[in-house]
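Work through the exercises below with the sequence and coordinates at hand. Each task is followed by a solution in steps.

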Amino acid sequence: MRAYLHSVPEPILTINGVTKDYPAVRAVNDLSLAINRGEAHGLIGENGAGKSTLMKMLSGLERPTAGSITFEGQPLELRSAADAMKRGIAMIHQELNLIGELSVADNIFLGRERTTLGLVDRGSAETAALKLLNQLGSNISPRTRVNRLSIADQQLVEIAKALSCEARLLIMDEPTAVLSERETNALFRVVNQLRLHRGVTIIYISHILPEVRRLCDRITVLRDGQYVKTVEPREVDDADLARLMVGRDLGELFPQRAAHLPDTVLEVRNFFVDGWVRGAGFELHRGEILGLAGLVGSGRTEFAEAIAGVRRRRSGSVSIIGEPADIRRPADAIAHRLAYVSEDRKLRGLHLDLSITENTTLANLRAYGFPLLKAAARRASAQEHARRLGTRCATVQQRVSSLSGGNQQKVALAKWLDTKPNVLILDEPTRGVDIGAKQEIYGLIHQLAAEGRSIVMISSEMPELIGLCHRILVMRNGRIVGALPGERATEADIMHLAAGLRENRVA
Amino acid sequence: MIQDKPNTPSAPRFHWSDVFETWGGLIALVIMAAVCSLLPATRDSFLNPENILNIINQKAFLGIVAIGMTFVIISGGIDLSVGSMIAFVGGLAVVLMKKIIDSSGTEWLGVLAACAIAPLAGMVLGWITGLIVSKGRVAPFIATLCGLAAYRSAVLVLMDGGGESAFGVSSFEAISSTNNGIPLLNWTDATGREIALHLTWPIIVFISIAVLGQVLLSHTRFGRYVVAVGSNETAARYSAINVDRVRLITYTLIGLCTGIAAVLLASRLSGIDSSNTGILLELDAIAAVVIGGTRLSGGRGRIWGTVIGVLILGMIDNVLILASVSTHWQGLVTAGVILLAVLLQRSRSE
């Protein structure tokens, strides 16, 4: 293998005045951009900035309305994703495109099966797959069924698939959104190796600005379908990037921390959940924002689900304002004014093909009349929540699937606010949400706490826990292994506890 | 706080496919009716009150079952057992009625018992199916396939392979008689005979159940839960909806509908034939639901659509008979209409 040097930047991809019109909007507007061979090029922008449309044009899913694209010196005119693959362009989507019931090798060579006398040659495919995976430093067996793999390993399979078709340009759309810190680091090692040793060019799309700055040689910012600026990571900080994305000064990302009241609202004791939680508990005070940190798999979500009655617990007790609360089903949690806003809003949080009104009032339909529901009251309530949360929609009768990630998250929040909770457990409330919407959600959480509601916030993004929470609990292996004061915690403190390098039994 | 961004989405744009998605079934019905009223072969015989009432009356039994089926399908389930169930609970009712009349000699007591037992038995059987599906975690297709086999077998055993006639039990036969119900108008038919047209009991029950069903689906908590469960079961469970109970109720509901239809059908046929009654009813019911624009995978649907689906199926049968086309063509025409209706109503987003 030879090492590629980027002494002489030579463009592999040139985008020249590209415009893409949809019936209702101009998604990309006269955009020009050059990507150099062998570089990792970050692409950032708010939802709706045109990143995905641009990537769809590069991967053959859409065709530009105007303008031209040149790849490796030749004009790029793609009719399908298969065309893009033939030209050496591969895209790894946020939702992985693997078939869970098939083996790793079958997935890697899907559509390009190696055959002998018309029969699929499993052996040769498995050997080839093993070689590719080894090059990526992975020890996954090519025979494993893909749905038995972790998300991180599935991503490696996708990368192996891209390599198997000799991809020279690899587009990655938010690959780390569902990865833990350790998995992210492993992925970055693979990406850097691809870049330096195989000369693969990477276009990297992400909302997580520190990661983009760490991985990429150059970063391009898009806004409202237009090119804004290309910068080098060392010239800018996160705040600069955020300002470029939003087009104005965001001010402080986190609201001023306010003191909470001393009385205990929620007391969780000695929770055990089979396979996940081994004796966890905490106290939550009125108006407090309590962070719950931990690696993916530490049992955070399972703990929260058990508290909210979504998941069965083996033992453990909950008391709310001093009274024991026997929460066994989600309906019990609502009756006790406790709400759990789930992670993974598409699967668990929302009914995507139902309207905003339908979603907003679903968990609280009892409040809208019996036997007949009052349609006007439901609509009014959905409108009121949309107004308060700043949900951007044309009408509340719109399907939730037509909203952006940030606005969908606001509908998920609205559904639970409609049950008038005293205690809110928010599981990854800002995942896959752009920076503007993030700031709005932080403001909202702060405001809810100021109204005297108590909040537990689960997050993998340590800066937001540090910026927002009064206290941060760290979970590891199903136990609370430490409690840190929000204003003095550092990412290193949290990581040490989460990874088990230090114990600090305070909680 | 952040002010409104310029990219606030505008109101959804107009698309013809949206119109068809919502109104496709109705449009198809109107077109078919128009064609039938213009074709020389059916011009005179199709569009008159007697024939229209006849179509609805013929399909009222199917319609009642199809309304129950709409709830089951919207919730993400399916029920293949209704054809056998209608024969079994109808048979049960007729056998019981005859026994009571024979032993007590009072006809009204037997008729009353028949009218009570069929809906009740239907509900119980539906409830059991619901338990198997929700608590037993058996796929609805499999659970109700077992019902299809079991109830048919049960009615064959009950009647020893034959039938049980209600012939001569006049007050039972009167229930579905075309000379009973709400008088509408006097009509002179093609032969010059003057007859009094009635809104028959099957039609009245069908319309009532359709109205109740639409209200239940659109305007009550249970109805919204049915949609939520069919659209995304996991999210429904996280939203504190008792998914098992919603499922249980939908199957109990279709059982009840089937039981009510069984009484009306037994009255109309003057009895139940253990080997023939209700054969393929489940497929007609599913066809009506799908023609009506309800998504077979659940999460979206409407009762009034199903009513239109039932009318379309009734119209196909009727027109082929009026035009003296061999009934052998019926399946081909039905298949074409189902495909056309479903193609028209495809959603843009799918």
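**Exercise 1.** State which strand holds I320(A), whether I320(A) is buried or exposed, and which residues I320(A) touches.

Solution. 
Step 1. I320(A) belongs to strand β16 of chain A, where strands (E, at least two residues) and helices (H or I, at least four) are DSSP runs, numbered from the N terminus.
Step 2. The relative accessibility of I320(A) is 9%, so I320(A) counts as buried. The classes, for a 1.4 Å probe and protein chains only, are buried under 20% relative accessible area, exposed over 50%, and partly exposed in between.
Step 3. Leaving out residues up to four places away in sequence, I320(A) touches V265(A), L266(A), A325(A), I327(A), H336(A) and L338(A); contact means heavy atoms within 4.5 Å.
Step 4. For I320(A) and H336(A), the C-alpha to C-alpha distance is 7.6 Å at a sequence separation of 16 residues.

The model is predicted: local features need pLDDT of at least 70 and side-chain atom pairs pLDDT 80 or more, while totals for chains, interfaces and linings use all residues. Residues are numbered from 1 along each chain as its sequence is written, chains are lettered from A and ligands numbered from 1 in the order in which they are written, and side-chain values use heavy atoms, without hydrogens and water.

**Exercise 2.** Describe the lining of the largest cavity.

Solution. 
Step 1. A cavity is a set of points on a 1 Å grid over the protein atoms alone where a 1.4 Å probe fits but cannot get out. Grid points are joined across faces, edges and corners, and a volume is the space filled by probe spheres set on the points.
Step 2. Three cavities of 30 Å³ or more are found, and the largest holds about 60 Å³.
Step 3. Residues with an atom within 4 Å of a point count as lining. For the largest cavity they are A308(A), V310(A), P330(A), A333(A), I334(A), L338(A), A339(A), Y340(A), W416(A) and Y238(B).
Step 4. Two or more of these residues come from each of α10 (330-335) and β18 (338-341) of chain A.
Step 5. The lining has 10 nonpolar residues, no polar and no charged. Here Ala, Val, Leu, Ile, Met, Phe, Trp, Tyr, Cys and Pro are nonpolar, Asp, Glu, Lys and Arg charged, and the others, Gly among them, polar.

**Exercise 3.** Locate the salt bridge between K135(B) and D244(B), and compare it with the one between R314(A) and D274(A).

Solution. 
Step 1. A salt bridge needs a side-chain nitrogen of Lys or Arg within 4 Å of a carboxyl oxygen of Asp or Glu.
Step 2. In the bridge of K135(B) with D244(B), the closest N and O atoms are 3.7 Å apart. K135(B) sits in the loop between α5 (107-134) and α6 (140-158) of chain B, and D244(B), 109 residues apart from it, in helix α11 (residues 243-269).
Step 3. K135(B) is exposed at 57% relative accessibility, whereas D244(B) is buried at 16%.
Step 4. R314(A) and D274(A) meet at 2.7 Å, N to O. The pair is 40 residues apart, with R314(A) in the loop between α9 (300-307) and β16 (315-320) and D274(A) in the loop between β13 (264-273) and β14 (277-285) of chain A.
Step 5. R314(A) is exposed, with a relative accessible area of 62%.

Conventions. On a 1 Å grid over the protein atoms alone, a cavity is a set of points where a 1.4 Å probe fits but cannot get out, and a pocket is an open set with protein on both sides within 12 Å along at least five of seven lines; lining residues have an atom within 4 Å of a point.
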